[in-house]
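Hi everyone, thanks for coming along. Please have a look at the picture first.

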Amino acid sequence: MKNPVYWVVLTGISIAFIQQGLPVRSQGESQSDNKQMDNITIRQGETLFLSCSQGDLVTHTAWLNRSSILYAGEDKWCVDPRVSLVTLNQDEFTIKIEDVDVTDEGQYICAVQTRSRPRTTSVHIIVQVPPKIVNLSKDLVVNEGSNVTLMCLANGKPEPAIVWRMLSPSDDSLSSDNEVLEIPFISRYRAGVYECTAANDIAVDTQTVELTVNYPPSVSDGRDVGVTLGQRGVLQCEADAVPEADFEWYRDDRRIFNGFDGIEIEDAGGLSKLTFFNVSEADYGNYTCVAINKLGSVNTSIVLYEMTSSDLEQTAFENSDLWEGPGAVQDGNSGTSTVFTPTCLLLIVLLQLLLKF
């Protein structure tokens, strides 16, 4: 799509040229006519057309930018390749400036010398520039409790307005309407993506900064695990930390390594699993999980205990309300049913006893 063009039509104007040996009258003389047109606004990068209607009996004509002559008749006086002649005849004198920039802003004059008197008309060109963020804080990694300053600088005309906001996770309470966003004593909950927006009447420019907050590990309370002899047992340890925690497992004061006595240790993100494939009497006891990163460490204890046949029976009995059948007995007070399924309970106990051998 081609850039839009702006036409400035200046009528009935003329000037005498010193360069061509013609007399020049001052603005105060009665025989000169100087007019000021309304300002013209154009956006950076677009094409500007300047057109001047000449009239009869024109002897000399020119387009000037401030004190420099752009064109005198057909002769190009400036070296800027963006400036070119479009039309020159008895009725019209038009030039164009391509890819307009802020340096082109200012006053332009169309000057015409007739046989009677010189006339000039001037117009002021205002160049608008879309906003562009030119200086933005880089992605940051800080420790929890630090004071954080994010900066966003932008150029543009009119001067762009700057707005900071927390983009992800979204938090409307954390924002700023100026170039600097201050976050004192930052917490882990302020980590995320922050967006800087620079906007003026022309366009919007947006960039983001990712803020990572490091903090020491915290672990969930260990959950004791009961396993019968010869069965598979899994101890789990979950930690929250940035950067992610490394895990270590201990039995008393002795560290346990992967593959030791048939034990497998598997770490995946914030979760560590200690797996026993064939639990023996010697495996029962207290285990310690330690989560470590560069900011600190924390531990929790988990007990692996033996689950006997009576424990299994009790567990099955406590969970018997998950079953319903003809053996259910109605509670007359509450209207709820208490379920007894002797056959199912017996099968569960027998299955566990068989798996021991």
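Let me start with a term: I'll say salt bridge when a side-chain nitrogen of Lys or Arg is within 4 Å of a carboxyl oxygen of Asp or Glu. Before I use it, two notes on where things come from. This is a predicted model, in which local features need pLDDT of at least 70 and side-chain atom pairs count only at pLDDT 80 or more, while totals for chains, interfaces and linings use all residues. Residues are numbered from 1 along each chain as its sequence is written, and side-chain values use heavy atoms, with hydrogens and water left out.

So, how many salt bridges does that rule give? The count comes to eight.

One of them joins K157 and E105, at 2.4 Å from N to O. K157 sits in strand β13 (residues 148–157) and E105 in the loop between β9 (92–97) and β10 (106–114), so this pair ties together parts that are 52 residues apart in sequence. When I say strand, I mean a DSSP run of E of at least two residues, numbered from the N terminus. On accessibility, buried means under 20% relative accessible area, exposed means over 50%, and partly exposed is in between, using a 1.4 Å probe and protein chains only. K157 is partly exposed, at 29%, and E105 is partly exposed too, at 22%.

Next come E144 and R188, another salt bridge, whose closest N and O atoms are 3.0 Å apart. This pair also links distant parts of the chain, 44 residues apart: E144 is in the loop between β12 (140–143) and β13, and R188 in the loop between β16 (180–183) and β17 (192–199). E144 has a relative accessible area of 30% and R188 comes in at 23%, which counts as partly exposed.

Then there is E248 with R255, a salt bridge at 3.5 Å, N to O. Is E248 buried or exposed? At 19% relative accessibility, E248 counts as buried, whereas R255, at 33%, is partly exposed.

We also have a network of salt bridges, linking D80, R82 and D104. D80 is in the loop between β7 (75–76) and β8 (83–88), and is partly exposed at 24%.

D246, E264, E266 and D267 form a negative surface patch. A patch takes residues with over 30% relative accessible area and no salt bridge, and joins like charges within 9 Å. Asp and Glu count as negative here, with the charge placed at CG of Asp or CD of Glu. Strand β23 (residues 263–268) gives the most to this patch, with three residues. D246 belongs to strand β21 (residues 246–251) and is exposed, at 56%.

Last stop: strand β20 (residues 233–242). Two strands pair if DSSP finds at least two bridges between them. Strand β18 (residues 204–219) pairs with β20 in the antiparallel sense over three bridges, and A239 in β20 is the bridge partner of V219. Strand β24 (residues 271–276) is joined to β20 by six bridges, again antiparallel, with E238 standing opposite L271 in β24.

That's my tour, and I'm happy to take questions!

Notes. Helices (H or I, at least four residues) and strands (E, at least two) are DSSP runs, numbered from the N terminus. Patches are made of residues with over 30% relative accessible area and no salt bridge: like charges are joined within 9 Å, nonpolar side chains (Val, Leu, Ile, Met, Phe, Trp, Tyr) within 5 Å. Accessible areas come from the Shrake-Rupley method with a 1.4 Å probe; for residues, only the protein chains shown count as cover.
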